[in-house]
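Hello,

Here is the structure I promised to pass on. Please have a look at it first, and then read my notes below.

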Amino acid sequence: MAITNPPPNCIERIHECGYESCVFISWPHMIRKSARALVEDLARDLEDRFRDYGGAKVFLDRMRLQQGYEWEPVLRQNLCRSAITIVLLVNSYFKSEYCCTEWAITEGLQDGRLPRDEKAATCFLPFVLQKNMTLPDEVRRIQHEDSEFFAPLLVYSRRPSEHDSWGQIVEKIHDRIVAVLEMLSRVQRPSEDWEGDERFAQAAGPKQFTWPKMPEPTPARPRRSLPPMMPDGSKA
Amino acid sequence: MTAERSGQVITFYSYKGGVGRSMALANVAALLAQRGNKVLAVDFDFEAPGLHRYFLSEGSKFERYKPKNGALPGTIDFFYDLREHLSRLSKEAGGPVGLPVRAAVLREMLDAGRYRYQIQLWNPNRKPGTTVTVDFMAAGRFDADYTERVRQFDWSGFYAEHGEILPLLAEELGRHYDYILVDSRTGVTDIGSICTMVLPEKLVLVFAPNVQSLNGALEVGRQAVIQRMASEDLRPLPLFPLLSRVEEGEEKQKQKWVEDAQARFQTLFREVYALRVCDLSTYFNIVRIPHRSFYAYGERIAAEERPTEETGSLSSHFLRFIECLDCDNPNEAQHVLERQQEEAEREIVRKLSDEGELQRLIQQHEDRPEPRMFLAQLLASQGRQIEALRTFQEIASRFSDDTEKQEWVARALFAQGVTLAQLRRPEEALSVYQDVIRRFGDATEPALREPIARALFNQGLALDQLGRPEEALSVYQDTGQPGSHTGRAWPAGGGAVGLSGRDSTLWRCHRTRFARAGCRCSEWNRLPSSLSGQRTASAL
């Protein structure tokens, strides 16, 4: 899937198709304290890399950090005009109405945007941040990175971008984005399609996810036990 | 409560006791408070509580912690009350209550302030008598029931039932304080798990230079990070090793020990944080707490007694540690060094431009000419030439017999001449320059050659000012020819300066003659380029 030498004009073509942002980052505000630096640095560094292609926008809903904002229509419009949705998954993602709506919009729009011959393709790039998360079928069906992907960076520092593998990780994400952009840029989209997309984006409601075997998003957990401390020299 | 903060919980853990963990915490708390932070110190070492001993009223001017009469409830009592509150709420609601309700309970309990003392500590880094405040939660109320209360609290059961409350507690405390410092139980215990793995955002591993202390710290650090990665908690958990009780002397052994500990922590960091490269040499060079026998007797906070600027003091070592602790990770200790250098430079500049500070330095270092010299220059730059002149004279006379300070005497004399010239007293200035040349003209030390060259040049200027250009020219001729004056070499640029002076005087001489002859400006332009160049003009 990864393309190391993407066509140099794929971002230009994406803009010609009518997209305004290459990436929309969907993340729950509940993790704003613990993962804000990760989200902001990722957006910044991806935009940095896109400069090689003449520049591309990464849409990050910074307003979400503010209390009580009313920005929904603008948010929906921006998501509609974004090519790819990066999803940062924690348990609270599925409890957030905003996040579930963002998922529903991307899911509802992607079929008309991807080439018909790319059956396994998706406009989602999901990253699981928490360990032992129960994922809905919709996430499990598509390619996603599990918690190991970001865990060493998150535990290392308040600023995950200080980790020495940050550059590699951003490069990996960048390559996956470019591969999807390349696919999307092959589909010509008349303006009527965009009008239809915008109507859909403005009206869409939150996604009702399908959970494996259990109806509730949060599975019942076994009795919590204290993490054990091991005596000197032994391994956990 | 005050404005919302974004504080962090930092746990101090040691695998073995007696390594100076509580002392480190008390000093760090004092220093952080001295730097304007809001700090809470919490004693979680229920079985062997000791942090309160650093905050006792006894021997202090202030009302501090009183273990007997009117003691407040402490950490263990807080958890008893919290458990009771939560259980009651759950019973009333017929099941577990939501996080917002639990957060509200916590907030209410913390806002009530009934578990914490406000401890006033001296701040020796400010003017005498300045104090700062550290909030403190003792392990508990040390009454007859204390031991029983500690023994009966089931931490495992509490965690199973109310585990979510602990990250909430960390968050809630973080709203009130910049730093929440947790003094953890040693060894391997349930409460140790909570302190090292569940509560903190940073974990300080205090260890003494012995294998069991180091091994225990490494292992607990490793487990804490792995546990954090396996949990739902997305907060980071950087480890900050703190080598304590380092004996002075035995340099070879000490160095070997530090290198070994550094290598083992680097291996640990590479493993748990999946780092390709990890170099903690800067951190280990900066951070180590020496053993000071003075502080080995009783519980005293060094940071309350000695200023951090006192080189080699225990508080200066703790200061270096908290500067590293301010970083997101020990790997960033390099930034601390850079910051320290910048601050040191700023401090020098500040001191050199502060008259009071310079007066203090003069008193402290009576046998050194430098502070007087800096003061005189500061006075001159402020337009206080008379005072500057007096100070330059004082330097010249005070150190005139000291053979090692002759450079400063020459500099002071030269500066005296410059100041006299600024005061429009050219005859006196000329006499001082001539004095410099007479006294030091034969000196061979490079440091003395510079003031002599300057004196010669300024002598020329003074002669010129006094309307004696021919004499000035002769002085410049002497200065302008490298090695001409008593056959000694001038410092770099000295000859060029002399030539420049000669050129400008020549030019002035020519101009005077041309002017006398009624010469027009166009004729001046036919002067040799070396005499009419821009440099010569600007020298004039």
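What follows is a short tour of what I found, chain by chain.

First, some housekeeping. This is a predicted model, in which local features need pLDDT of at least 70 and side-chain atom pairs count only at pLDDT 80 or more, while totals for chains, interfaces and linings use all residues. Residues are numbered from 1 along each chain as its sequence is written, and chains are lettered from A and ligands numbered from 1 in the order in which they are written.

Let me start with chain B. Its secondary structure comes to 25 helices and 7 strands; helices (H or I, at least four residues) and strands (E, at least two) are DSSP runs, numbered from the N terminus. Of its 540 residues, 43% are buried. A residue counts as buried if 20 or more other C-beta atoms lie within 10 Å of its own, as exposed if 12 or fewer do, and as partly exposed in between, with C-beta atoms placed from the backbone. Looking at contacts in chain B between residues at least 6 apart in sequence, 67% join residues at least 24 apart; two residues are in contact if their C-beta atoms, placed from the backbone, lie within 7 Å.

The sheet of chain B is open and has 7 strands in the order β3-β4-β2-β5-β1-β6-β7, with mixed pairing. Two strands pair if DSSP finds at least two bridges between them. At the edges are β3 (117-122) and β7 (239-243) of chain B, each pairing on one side only. From one strand to the next, the twist averages 25 degrees; for angles, axes are lines fitted to C-alpha atoms, for helices over the stretch in contact, and the values run from 0 to 180 degrees between N-to-C directions. β3(B) pairs with β4 (residues 131-137) of chain B in the antiparallel sense over 6 bridges, and B:Trp122 has B:Thr131 as its bridge partner in β4(B).

β5(B) pairs in the parallel sense with β1(B) over 5 bridges, where B:Phe12 stands opposite B:Asp183. Another 5 bridges join β5(B) to β2 (residues 39-43) of chain B, again running parallel, and there B:Leu40 is the bridge partner of B:Ile180.

Which helix of chain B has 8 of its 9 residues buried? That is α7 (residues 190-198), so it is largely enclosed by the rest of the structure. Its cover includes β1 (8-13), α5 (155-162), α6 (165-176), β5 (179-183), β6 (202-207) and α8 (211-230) of chain B.

Now the cores. The largest nonpolar core has 163 residues, and those with the most contacts inside it are A:Cys22, B:Ala29, B:Leu181 and B:Leu205. Such a core is a set of buried Ala, Val, Leu, Ile, Met, Phe, Trp, Tyr and Cys residues joined through C-beta atoms within 7 Å. Helix α1 (residues 21-34) of chain B gives the most to this core, with 10 residues. A second, separate core of 39 residues includes B:Ala388, B:Leu389, B:Ala455 and B:Leu463.

Between the chains, 39 residues of chain B are in contact with 30 residues of chain A. On the chain B side, α5, α7 and α8 are the elements that give two or more residues, and α8(B) gives the most, with 12 residues.

Finally, chain A. It has an open sheet of 4 strands in the order β2-β1-β3-β4, with parallel pairing. β2 (57-60) and β4 (124-128) of chain A stand at the edges with a single partner strand each, so one side of each is left without a neighbour in the sheet. The twist here averages 20 degrees from one strand to the next. β3 (residues 82-89) of chain A runs parallel to β4(A), joined by 5 bridges, and A:Leu88 stands opposite A:Phe127. Helix α2 (residues 32-50) of chain A packs on this sheet, touching β1 (21-26), β2 and β3 of chain A, and its direction makes about 165 degrees with that of β2(A).

Best wishes
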